[in-house]
Amino acid sequence: MIISVHLGSRSYRIVVESGGLATLGVLLAELRVGSRAALVSDAAILARYGKAALGSLEGAGFDVTTIEVPQGEAAKTLAVAERGWDALLAAGLDRTSTVVALGGGAVGDLAGFVAATYMRGMNFVQVPTTILAQVDASIGGKTAVDHPKAKNLIGAFHQPRLVLVDPTLTRSLPDREFRSGLAEIVKHGIVLDGGYFAEVERDAAALLAREASVLERVVGGSCRLKASVVERDERESELRHVLNYGHTIGHALEAATDYGRFVHGEAVALGIVAEARLARRLSIADDETVGRQERLLAALGLPLQATDLDGDAVLDAMARDKKARDGRVPFVLAPRIGAFQIVYDVPLAEVRAALRSLAA
């Protein structure tokens with residue numbers, strides 16, 4: 001499956017293909033970029049997929065420098081970015097060269113930020129290896145490192161030249177990490193496409209079992225939906241807020257628990273539950289709309305409950321949401337499956353009640 005992201009001079013393709021990692025070098029050569037590349041990844045991903053990625057790139061004539069970064073959010077610091085800049089400079093890479101991110105969302109965020117800022121911008125290719133990165137983080141040009149007080153606070157929009165999605169790479173993920181990415185798939189269906197949501201409902205068991213044909217089709221469908229939003233709203237104005245469904249509360253849950261209690265998709269799933277119930281409390285959504293969301297999340301092994309949450313800490317984290325405008329935090333809510341509504345000035349009492357409902 002090939003999905004074109006139409007952004008004028010910044011347009012690119014998302015190639016979704018099982019076994020597609022072997023074509024990385026050929027696809028990059030087709031872009032007519034310079035002959036030097038940097039492969040950015042962490043130790044675990046390099047051990048599993050580094051040889052195949054390097055072989056494909058070198059087989060297509062690229063001179064490749066490997067840059068190893070820490071795993072997870074530990075990669076997303078200015079200190080790690082500085083080491084990346086130093087490595088690019090030492091290897092003689094220039095603006096015609098390409099940074100290839102092989103890994104999950106953290107690797108992509110860090111590598112994209114390095115590519116966006118080195119010599120004021122160089123070529124960048126995403127090869128995501130997690131469900132979360134394949135359907136969300138790798139598409140749209142958002143790159144960033146973290147600040148001690150907030151995730152993704154320091155960054156830039158820098159569109160990739162290519163996104164290569166090989167769904168077979170996700171079959172080696174631990175169960176918890178695999179399920180985590182499925183929350184973003186559910187989110188896309190809820191707010192963007194009721195038919196796609198119904199497809200995921202129908203194929204939930206096969207998806208959870210990682211059946212190859214279902215995995216490729218569902219991942220490709222989610223990439224299509226994310227790309228359609230990016231095309232219409234490249235730099236995250238109001239329309240792209242739709243992709244924040246489940247994240248206003250989900251990100252706050254992560255921050256309030258010091259990013260240690262939930263993996264991202266678990267926090268998003270809980271955010272979806274709380275925001276769906278908030279929509280019901282505000283008479284925006286009915287019981288069936290809320291129930292379908294909760295049943296699908298449960299069918300995919302994602303949480304619906306969380307005890308011992310500090311409501312004040314969650315609300316404080318929400319106040320630092322990057323999408324806030326003049327102190328007002330927008331909520332994306334779903335009046336029905338396949339539709340969304342952006343709501344400002346939601347009463348704090350209603351948000352607290354939705355948070356309390358997670359413990360029920």
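**Exercise 1.** Find the strand in which Asp146 lies, and decide whether Asp146 counts as buried or exposed.

*Solution.* Asp146 belongs to strand β7, residues 142-147, where strands are DSSP runs of E with at least two residues and helices are runs of H or I with at least four, numbered from the N terminus. The model is predicted, so local features need pLDDT of at least 70 and side-chain atom pairs count only at pLDDT 80 or more, while totals for chains, interfaces and linings use all residues. Residues are numbered from 1 along each chain as its sequence is written, and side-chain values use heavy atoms, leaving out hydrogens and water. Because its relative accessibility is 18%, Asp146 counts as buried (under 20% relative accessible area, with a 1.4 Å probe and protein chains only).

**Exercise 2.** Work out which residues Asp146 is in contact with, leaving aside its neighbours within four places in sequence.

*Solution.* With contact meaning heavy atoms within 4.5 Å, the residues are Glu73, Lys76, Lys151, Asn152 and Ile154. As for Asn152, its backbone nitrogen is reached by the side chain of Asp146 at 2.8 Å.

**Exercise 3.** Describe how helix α10 and helix α11 are placed relative to each other.

*Solution.* The axes of α10 (residues 247-256) and α11 (residues 264-281) come within 7 Å and cross at roughly 130°, and the two helices are therefore oblique to each other. Among the residues that meet are His247 and Leu253 in α10, and Ala267 and Glu275 in α11.

**Exercise 4.** Identify which residues of helix α14 are buried, and what covers them.

*Solution.* In α14 (residues 348-357), the buried residues include Val351, Ala353 and Leu355, and the cover of the buried residues includes α10, α11, α13 and β10.

Definitions and conventions: Axes are lines fitted to C-alpha atoms, for helices over the stretch in contact, and angles run from 0 to 180 degrees between N-to-C directions. Angles under 35 degrees count as roughly parallel, over 145 as roughly antiparallel, 65 to 115 as roughly perpendicular and the rest as oblique. Buried means under 20% relative accessible area, exposed over 50%, partly exposed in between (1.4 Å probe, protein chains only). A polar contact is a pair of N or O atoms within 3.5 Å; within protein, one must be able to donate a hydrogen and the other to accept it, and residues adjacent in sequence count only if both atoms are side-chain atoms.
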